[in-house]
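Colleague: I am new to this structure and would like to go through one part of it with you, step by step.

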Amino acid sequence: VTSVSGTTEFEITPGSLQLEVVRDGYEPWSSRVTLSPGGRSEADVLLSVRNAEATVPSVSLSCGAGFALVEAGTLAMGSPRAELGRDDDETQHEVTLTRDFCIGLTEVTQGEWQSLMGTNPSYFANCGPDCPVEMVNWYEALAYANAASERDGLEPCYLLNRCRREAGRDLECSTVTLAPSSNGDPYACQGYRLPTEAEWETAARGALPGATYLGDLRAPLDCHSQHNLDPTAWFCANAAVEPRPVASLEPNERGVFDMLGNVQEWCWDWYEVNLQESVDPAGPARGRERVRRGGSWISVSQDVRIAARASDSPGDRTSTTGFRLVRTLE
């Protein structure tokens, strides 16, 4: 039997049998089942990626190593009324992005953070350099983006004003403004930056409908295994109470890993409940909390849907939150 997403049914001869599922690029899965005449048995199959490092695309012709291209276009953002687990802040609406952008294939890792910033703030530091960096607040994510821009000879996107402490050690700033050359438009910045919420959902969703990359979820939306989520997302059903190395599960259709689960990801926008149809949205001008998307290693499946939204104070640091970078394509 060759594994496919979703449910597969087939008839087999009663008795004690070895059931094996095989798919190219994955470790085989097998289990022994015993069937009586007229009986029925069900099995949830989770395939582990074989040699996961080899599956990470190293080059995007438009974006360069480590990034995937997301083309401009229009997206139905949010969730339909019938989606299981839907929250009140997910009203479906149309957004249009007018600029192509590049998004990191993975969340920023502990190794990448330490190489650039000289520290490792992560609570799960023992997870290793290939695990996502966490325990970084929103200001610290901006500081990393600026440092990455300076490293690569790009103009930093953010001006962090009147800050205390330093990145990885509870950095907080009185105000944050965009680089003067962007004229207040985050999409106009040419350096590395956090995605807007619309960019994040566009990169996560692609052209496929459903609550996840592989389709909708089934009840209960808790820590039970989900056949449309297990292959792509580390959440409370399969993560064993800690984040996992990036790119160790299947990517979405764009080749981007861990946009659902592992760690939540900071976005640029201030959080607001009611999102409206718009072009190049960047959130309200002010607010109390910044948006986080994607769910984490400890999230129930309801919170690891593509449309699920969360927020936190920009100064808060948790072991469930990290980030990934984007860059507007020139």
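Colleague: Which elements are included in what covers the buried residues of α2?

Modeller: This is a predicted model, and in it α2 is mostly covered, since 12 of its 14 residues are buried. Among those buried residues are Trp138, Leu142 and Ser149. What covers the buried residues includes one helix entry and several strand entries, namely α1 (110–117), β7 (158–166), β8 (169–178), β9 (264–270) and β11 (290–293).

Colleague: How far apart are the end C-alpha atoms of helix α2, and what should its residues span?

Modeller: Helix α2 runs over residues 138–151, which makes 14 residues. At 1.5 Å a residue these should span 20 Å, and the distance between the end C-alpha atoms agrees with this, because it too is 20 Å.

Colleague: Is Glu140 buried or exposed, and which backbone nitrogen does its side chain reach?

Modeller: Glu140 lies in helix α2, and it counts as buried because its relative accessible area of 0% is under the 20% cut-off. Glu140 touches, among others, Trp113, Met135, Asp170 and Arg317. The side chain of Glu140 also comes within 3.5 Å of a backbone nitrogen, at 3.3 Å. That backbone nitrogen belongs to Arg169.

Definitions and conventions: Residues are numbered from 1 along each chain as its sequence is written. This is a predicted model: local features need pLDDT of at least 70, side-chain atom pairs count only at pLDDT 80 or more; totals for chains, interfaces and linings use all residues. Side-chain values use heavy atoms; hydrogens and water are left out. Helices (H or I, at least four residues) and strands (E, at least two) are DSSP runs, numbered from the N terminus. The expected span of a helix is 1.5 Å times one less than its number of residues. Buried means under 20% relative accessible area, exposed over 50%, partly exposed in between (1.4 Å probe, protein chains only). Contact means heavy atoms within 4.5 Å. A polar contact is a pair of N or O atoms within 3.5 Å; within protein, one must be able to donate a hydrogen and the other to accept it, and residues adjacent in sequence count only if both atoms are side-chain atoms. Lists of a residue's contacts leave out its neighbours within four places in sequence.
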